[in-house]
Amino acid sequence: MEIAIPPAVAPDDPRSVARAMAPPSRFGDKAFEWLTLTMAMAVVVLVILTGWQLWLGSSLAIQKFGFHFLTTSTWDPVAEQFGALPFIYGTLVSSLIALVIAVPLSIATAVYLTELAPLWIRQPLVSLIEMLAAIPSVILGLWGIFVMIPWLRDYPFPWLKRVFGWTPFFSGPIYGTSMLAGGIIIAIMILPIITSVSREILRSVPDLQREAAYALGATRWEVTRIAVLSYARKGLFGAVILGLGRALGETMAVTMVIGNTPQIAASLFKSGYTLASVIANEFTEATTDIYLEALFEIGLVLFGVTILVNLIAQLLLKTMTTTTSATRAVQ
Amino acid sequence: MKSLKIGRKILAIVLLTGVSTSASAQMMINGAGATFPYPIYSKWFDEYAKVDPSVRFNYQSIGSGGGQKQILAQTVDFGASDGPMSDDNLAKAPGKLLHIPTVAGADVLAYNLPGNPALKFDADTIAGIFLGQIKKWNDPKITALNPGVTLPDQEIVVVHRSDGSGTTYIWTDYLSKISPEWKTKVGTNTSVNWPTGVGGKGNEGVAGQIKQTPGAVGYVELIYAVQNKMPYAEIKNAAGEFVKPTLESVTAALAAAEIPDDFRFSMTNSPGRDAYPIAGATWLLVYQQQKDAAKGKKLVEFLKWSATDGEKMAKDLQYAPLPESVQQRVLKRIDEIKM
């Protein structure tokens, strides 16, 4: 391919003056490049160091329990038998519940804020949502114990039991503190981040998209669905992943409402336990070496689970975008 | 104009404090460990600053596990723990470590029932409830102990601590002593593999869950039950008497407990007539051979003060003080610290 050569500059053109001066030093550019590279590398090094340190800290437990650590369910500090399975299960399930609740809510909120809401209502609503993100986790946890749990126990949970009690997920006695309560509190905590990021993404959808759809005679719903949501799909998916990252590591508020029982139960009314919670709960009073190392290994597992979930999400995103471009090509 | 004045004042204060700290070179004694006695320790350090202004204490309440680790690693001058150190951990110490008991506290059995009646429990019933074998409030074992109280046909919801804690250590220590089944199935530790129940984080978490859950029962430190105005049970002790948890009945338990020479004792199920059975002490951990003579001397002076004058402050902060007999033994032990 031939490169188009710009027309020669006339001598009286101001650009020729610039060319006549000494060439500008490239030092600034280079320094900037190196600086940003160092910063970017620092993040990578930090992640690797964290993983390495967790590995070192848990070497004794890894040697003793091996792969069984991931597949057994006993957590007995007295007998020094440790298995992480209920915690892995609890982390994944509570995060999943949180996503199921928070994603539709957040994206609907973001759509309303960017596409439908009258201008005067947008800013106050956005500020309120951002305020929700500023509530400290431990405060939310206390609110969870004293306000949310009694309410859930008295109204929504019995209703769920009446309607869906025939499924294993909503059976058994209702105590309030439960896997479901844990998921709900995480949902509240990740709602602001998914909403804000989704809103930014929807705002960046060019107006041309919308105008084109309107020009084709689309209704408002069709415009939102086809021109906006579908266009922004990749970005919205990214927003969800950000929320998921937070959900997996959420500690304080979850610990206060999830019941902290290392068990794997189908019923969401039963209490559960998460990886982050067991570390927060037991780290300070772990006196024996193997106990402490088992908790380190829990940290390593959490680290691994987070990375793995993110990788799977990236893969999903990739297949999603390639299939859409493939269908487009066919069309 | 006004803001300028205030600004100047702040500047003056900052300068003054800066000058005063640099002027008197104070000795700093560092400690770390248990959270349960933190309120009284910080009160002691405050009061002791008036007795001996040349020494300052820095105590970090990072938990008993951390306290034991740090004193073993010699990164602090003294450690603190809610449970005595295990033989394994003591063997790791580079020198002889002394256990110095300071104060004691009680675990109470708090509950949430309609009308909040006053209830009585014995060892068997408590073990049954926490093993998950007694499931209903109107179980014959409970009603037999509480004639005249109508108990509902309601499920018992057991609440326990989810975080590792000295409170749990005392509770499981008691259960292990009175129930062979508990001892083999669960055992004693700062956190255990609970046969039943839900976990709440911290005393405030357990207290909150008991208050919020009808039919709940759980254990909290005495002071939390008092502050939260929760009803708590009288418990039948080893002598067969029903005893209410109070500071006096805890001190009585300490006085009657069998305390070995190394002070690594457990005072649960103490034989005394007035003894409340579910109580435990908390310890300071110091090396017998102090590395830094000047620091060691100051530390010994402080320990002696805490075992005498300090003990008098315990009751105000809802801790049970050591009985006279134990105090004398502790003072003798402090004298064995060498510089």
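**Entry 1: chain B as a whole**

I began with the secondary structure of chain B and counted 13 helices and 11 strands. The model is a predicted one, and I read every value below as computed from it. I then looked up the extent of the chain: the C-alpha atoms of chain B fill a box of roughly 70 × 60 × 30 Å along the principal axes. The radius of gyration of chain B is 23 Å, which agrees with the value near 20 Å that a compact globule of 339 residues would have. I noted that 49% of the 339 residues in chain B are buried. Of the contacts in chain B with a separation of 6 or more, 71% join residues 24 or more positions apart.

**Entry 2: chain A as a whole**

I repeated the search for chain A, where I found 15 helices and 2 strands. Its C-alpha atoms fill a box of roughly 90 × 55 × 45 Å, again along the principal axes. Buried residues account for 35% of the 331 residues of chain A. In chain A, 76% of the contacts with a separation of 6 or more are between residues 24 or more positions apart.

I looked at one helix of chain A in detail. Helix 14, residues 275–282, is largely enclosed by the rest of the structure, because 6 of its 8 residues are buried. I listed the buried ones as A:Leu275, A:Ala276, A:Ser277, A:Val278, A:Asn281 and A:Glu282.

**Entry 3: strand 4 of chain B**

I then looked up its partners. Strand 4 pairs with strand 11 of chain B (residues 279–287) in the antiparallel sense, over 8 bridges. Within this pairing, B:Leu97 stands opposite B:Tyr287. Strand 4 also pairs with strand 8 of chain B (residues 216–221), in the antiparallel sense and over 5 bridges. There I noted B:Tyr219 as the bridge partner of B:Leu109.

**Entry 4: the nonpolar cores**

B:Leu109 came up again in the search for cores. Which residues touch the most other members of the largest nonpolar core? They are B:Leu109 and B:Leu254, in a core of 91 residues. Strand 4 of chain B gives the most to this core, with 9 residues. Leaving aside residues up to four places away in sequence, I found B:Leu109 touching B:Phe121, B:Ile126, B:Val217, B:Tyr219, B:Tyr232, B:Ala233 and B:Ile235. Another core lies apart from this one; it has 68 residues, among them A:Ile88, A:Ile145, A:Ile185 and A:Leu300.

**Entry 5: a sheet of three strands in chain B**

I recorded an open sheet in chain B, formed by 3 strands in the order 5-9-10 with mixed pairing. Its edge strands are strand 5 (120–121) and strand 10 (242–243), each of which pairs on one side only. Strand 9 (residues 234–236) and strand 10 pair in the antiparallel sense over 2 bridges. In that pair, B:Lys236 has B:Phe242 as its bridge partner.

**Entry 6: two positive phi values**

I checked the backbone angles in two loops of chain B. B:Asn116 is not a glycine, yet its phi is positive, at about 40 degrees. I located B:Asn116 in the loop between strand 4 and strand 5. B:Asn116 counts as exposed because it has 11 C-beta neighbours inside 10 Å, and the cut-off for exposed is 12 or fewer.

B:Lys229, also a residue other than glycine, has a positive phi near 55 degrees. B:Lys229 lies in the loop between helix 10 (222–227) and strand 9 of chain B. With 8 C-beta neighbours inside 10 Å, B:Lys229 too counts as exposed.

**Entry 7: where the chains touch**

Definitions and conventions:
Residues are numbered from 1 along each chain as its sequence is written. Chains are lettered from A and ligands numbered from 1 in the order in which they are written. This is a predicted model: local features need pLDDT of at least 70, side-chain atom pairs count only at pLDDT 80 or more; totals for chains, interfaces and linings use all residues. A residue is buried if 20 or more other C-beta atoms lie within 10 Å of its own, exposed if 12 or fewer, and partly exposed in between; C-beta atoms are placed from the backbone. Helices (H or I, at least four residues) and strands (E, at least two) are DSSP runs, numbered from the N terminus. Two strands pair if DSSP finds at least two bridges between them. The radius of gyration is taken over C-alpha atoms; the globule rule is 2.2 Å times the number of residues to the power 0.38. Two residues are in contact if their C-beta atoms, placed from the backbone, lie within 7 Å. A nonpolar core is a set of buried Ala, Val, Leu, Ile, Met, Phe, Trp, Tyr and Cys residues joined through C-beta atoms within 7 Å.
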